[in-house]
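The following note was prepared for a colleague who asked for comments on this model.

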Amino acid sequence: MKDLYTMKESNLKMKDQLREESPFPWIQYVTSCYQCQKCTSGCTSMKHLELKPHEVVKLVNMGLIDELLESETIWTCTECLKCWERCPQGAAPVNLILSLRNLAVKGKAKLPENLLKTVSSLIEIGLIQREQRVPLKNLETVDREKLNLPKLVYPSEEFKGILLSMLEEVF
Ligand code: SF4
Ligand code: SF4
């Protein structure tokens, strides 16, 4: 099978690999998706997704995995789990997306720049970003203290060390 828009070929071997390596048992329900689009109609990231959740399931079913691995979609999903909640078939597009991320990393696919920035921030400070000042309605910018928020607790060096060794295993 060939996607006539992208000219990508179906890769059934990769589909089997995705099924075998998926830590989520729900993948077995993927074939029962009947494209009702309930997942897509509730998706919180829909506007930003190049491929919609029901399309992700469809492409996996057709074996067009390479197309998905190259798509920004698998990195744009916010993992809100709404598609899982809404799917009448338990197909959970989010679980497919997480499995596709794992496959993309294993296959040394090009990762989005923003993701790499997040990872390097995690390694450096243990958080996805530094604490920030926020603007109020009167345009004054304030910090956490001014907002009576508790002081941020940064993760320990031990935590960062464990995280780094885990990342070294993956990359
Ligand atoms: S994954 Fe579920 S909600 Fe989405 S189209 Fe398929 S059956 Fe419908
Ligand atoms: S988990 Fe991802 S794909 Fe599913 S509804 Fe949320 S943003 Fe959309």
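**Notes on the model**

1. Lys146 is exposed, its relative accessible area being 56%. In this predicted model, Lys146 is paired with Glu140 in a salt bridge whose closest N and O atoms lie 3.1 Å apart.

2. Asp143 belongs to the loop between S2 and H9, whereas Arg133 belongs to the loop between helix H8 (113-125) and strand S1 (134-135), so the pair ties together parts that are 10 residues apart in sequence. Both residues count as partly exposed: Asp143 has a relative accessibility of 28%, and Arg133 has one of 49%.

3. Glu124 and Arg130 also form a salt bridge, and here the closest N and O atoms are 2.7 Å apart. Arg130 is partly exposed, with 47% relative accessible area. Across the whole structure, the search finds 6 salt bridges.

4. The surface also carries a nonpolar patch of about 290 Å², made by Val134, Leu136, Leu147 and Leu149. Of these residues, Leu149 is placed in the loop between strand S2 (141-142) and helix H9 (157-170). Leu149 has a relative accessibility of 41%, so this residue counts as partly exposed.

5. The domain assignment divides the protein chain into domain 1 (12-106) and domain 2 (113-170). Taken over C-alpha atoms, the centres of domain 1 and domain 2 are separated by 29 Å.

6. Which residues come closest to ligand 1? Of the 14 residues that surround this ligand, the closest are Cys33, Cys36, Gln37, Cys39 and Cys87. Helix H2 (38-42) and helix H3 (53-62) each contribute at least two residues to the shell. By class, the shell around ligand 1 comprises 9 nonpolar, 4 polar and 1 charged residues.

7. Around ligand 2 there are 13 residues, of which Cys43, Ser45, Cys77, Cys80 and Cys83 come nearest. The elements giving two or more residues to this shell are helix H6 (82-86) and helix H7 (93-106). The shell around ligand 2 is made up of 8 nonpolar, 3 polar and 2 charged residues.

Definitions and conventions. Residues numbered from 1 in each chain as written. Chains lettered and ligands numbered in written order. Predicted model: local features only at pLDDT ≥ 70, side-chain atom pairs only at ≥ 80, totals over all residues. Heavy atoms only, no water. Near = heavy atom within 4 Å. Helix = DSSP H or I, 4+ residues; strand = E, 2+ residues; numbered from the N terminus. Nonpolar A, V, L, I, M, F, W, Y, C, P; charged D, E, K, R; others polar. Domains from an automatic or database assignment. Patch = residues over 30% accessible without salt bridge, like charges linked within 9 Å, V, L, I, M, F, W, Y side chains within 5 Å. Areas by Shrake-Rupley, 256 points an atom, 1.4 Å probe, with all protein chains shown as cover. Salt bridge = Lys/Arg side-chain N within 4 Å of Asp/Glu carboxyl O. Buried < 20%, exposed > 50% of the residue type's maximum accessible area, 1.4 Å probe, protein only.
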